[in-house]
Amino acid sequence: MLVTGKDILVSAREGKYGVPAFNTNNMEITQAIIHTAEKLEAPVMVQMSEGAIKYGGQDLANIVIDMARRATIPVALHLDHGSSYESALKAIAMGFTSVMIDASHHDFEENVKETKRVVEAAHAMGISVEAELGRLGGIEEHVVVDEKDAFLTDPEEAVKFIDETGVDYLAIAIGTSHGAYKGKGRPYIDHDRIEKIAGLTTIPLVAHGSSGVPQTITDRFRAAGGEIGEAAGIADEDLTRAVQHGIAKVNVDTDLRLAASVGVREAFQANPKEFDPRKWMGPARDVMSEIVAHKLQVLGAAGKASMKALK
């Protein structure tokens with residue numbers, strides 16, 4: 001069933017589990033996300049960035065919307081990192097049930113102003129809104145933040161921001177970063193900060209840049225001829241702990257990109273003469289499904305969309 005982000009995430013925060021929000025760019029990615037979530041009876045969010053909208057447009061949105069409506073689980077279609085009021089309105093017109101306005105690069109007052117505009121428009125249409133306070137480092141599509149420009153979310157400012165904007169869920173900067181390179185070794189996550197913010201707020205909190213970049217996937221990527229540096233992701237244990245303290249939405253993009261690339265590369269490695277797209281996109285979908293299943297289980301979302309759980 002197609003629902004709003006708020007419909008999914010309020011229950012997640014109350015139940016102390018996390019809902020992964022996976023980015024999609026085509027049919028196979030969408031199938032891996034929704035079909036796997038159905039098998040595990042888990043709520044899920046499917047995200048499209050502005051880059052995905054430029055790439056797939058209304059056609060891609062329609063694929064997600066159609067699959068969500070026919071799904072046996074709650075599914076929300078979310079705009080990831082909307083850069084403007086106009087971008088959010090466009091997504092709403094396309095049928096999105098959740099939008100993000102990312103004005104975190106502005107000062108606090110301007111961030112509040114821009115977020116409030118989107119909240120007022122979206123709420124009038126029954127659509128829920130995410131905003132961001134604090135800045136994550138790293139690179140994700142049009143979002144590029146140097147380490148020197150990244151800063152963590154202040155708990156007191158988070159309370160004020162929520163009160164002044166009426167936003168439905170808030171992305172907070174806690175040490176995660178966009179992309180495959182989140183530091184060396186195990187990236188630092190500020191759990192104390194999460195707990196402080198959660199203790200002062202009641203709305204669902206969001207962790208961006210939460211791909212795990214599994215060693216098994218990067219090893220397979222290299223073995224199939226891919227080149228990738230010393231990539232590092234967020235540890236499963238850190239995500240499991242974070243969802244116990246208010247993180248309800250967990251963004252994942254890089255993991256699916258890597259998984260899809262592994263599936264395609266391995267298919268061509270096994271048969272260099274292959275030119276039937278089904279023979280390499282199918283394996284890509286299978287590897288992505290493995291990642292989706294793992295994330296749903298790590299975050300505790302598996303089983304939370306069963307008929308018993310929904311009653």
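Reader: What is the handedness of the crossing of α8 and α10?

Author: The crossing of α8 and α10 is left-handed. Keep in mind that this is a predicted model.

Reader: At roughly what angle do the axes cross, and within what distance do they come?

Author: The axes cross at roughly 35° and come within 9 Å. Helix α8 covers residues 215–223, and helix α10 covers residues 254–270.

Reader: Which residues meet there?

Author: From α8, the residues are Ile217, Thr218, Arg220, Phe221 and Ala223. In α10 they meet Leu258, Ala259, Ser261, Val262, Arg265, Glu266 and Gln269. By class, this contact has six nonpolar, three polar and three charged residues.

Reader: Now the rings. How many aromatic pairs does the structure hold?

Author: Two aromatic pairs. In one of them, phenylalanine 108 and phenylalanine 161 are edge-to-face, with 6.1 Å centre to centre and 70° between the planes.

Reader: Why does that pair tie together separate parts?

Author: Phenylalanine 108 is in helix α5 (residues 108–124) and phenylalanine 161 is in helix α6 (residues 155–165), so the pair joins parts that lie 53 residues apart in sequence.

Reader: Phenylalanine 108 and phenylalanine 161, buried or exposed?

Author: Phenylalanine 108 is buried, and phenylalanine 161 is buried too.

Reader: And what about phenylalanine 268 and tryptophan 280?

Author: Phenylalanine 268 and tryptophan 280 form a tilted pair, 5.6 Å centre to centre with 35° between the planes. Phenylalanine 268 belongs to helix α10 and tryptophan 280 to helix α11 (residues 277–298), 12 residues apart.

Reader: Why do phenylalanine 268 and tryptophan 280 count as partly exposed?

Author: Buried means under 20% relative accessible area, and exposed means over 50%. Phenylalanine 268 has 31% relative accessibility, so it counts as partly exposed. Tryptophan 280 has 22%, so it counts as partly exposed as well.

Reader: Last, the whole protein. How many helices and strands are there, and what share of the residues count as buried?

Author: The protein has 12 helices and 11 strands. Of its 311 residues, 58% count as buried. Among contacts between residues at least 6 apart in sequence, 78% join residues at least 24 apart.

Notes: Residues numbered from 1 in each chain as written. Predicted model: local features only at pLDDT ≥ 70, side-chain atom pairs only at ≥ 80, totals over all residues. Heavy atoms only, no water. Axes fitted to C-alpha atoms, helices over the stretch in contact; angles between N-to-C directions. Helix = DSSP H or I, 4+ residues; strand = E, 2+ residues; numbered from the N terminus. Left-handed = near helix turned anticlockwise from the far one by under 90°. Contact = heavy atoms within 4.5 Å. Nonpolar A, V, L, I, M, F, W, Y, C, P; charged D, E, K, R; others polar. Phe/Tyr/Trp six-rings, centres within 6.5 Å; stacked < 30°, edge-to-face > 60°. Buried < 20%, exposed > 50% of the residue type's maximum accessible area, 1.4 Å probe, protein only.
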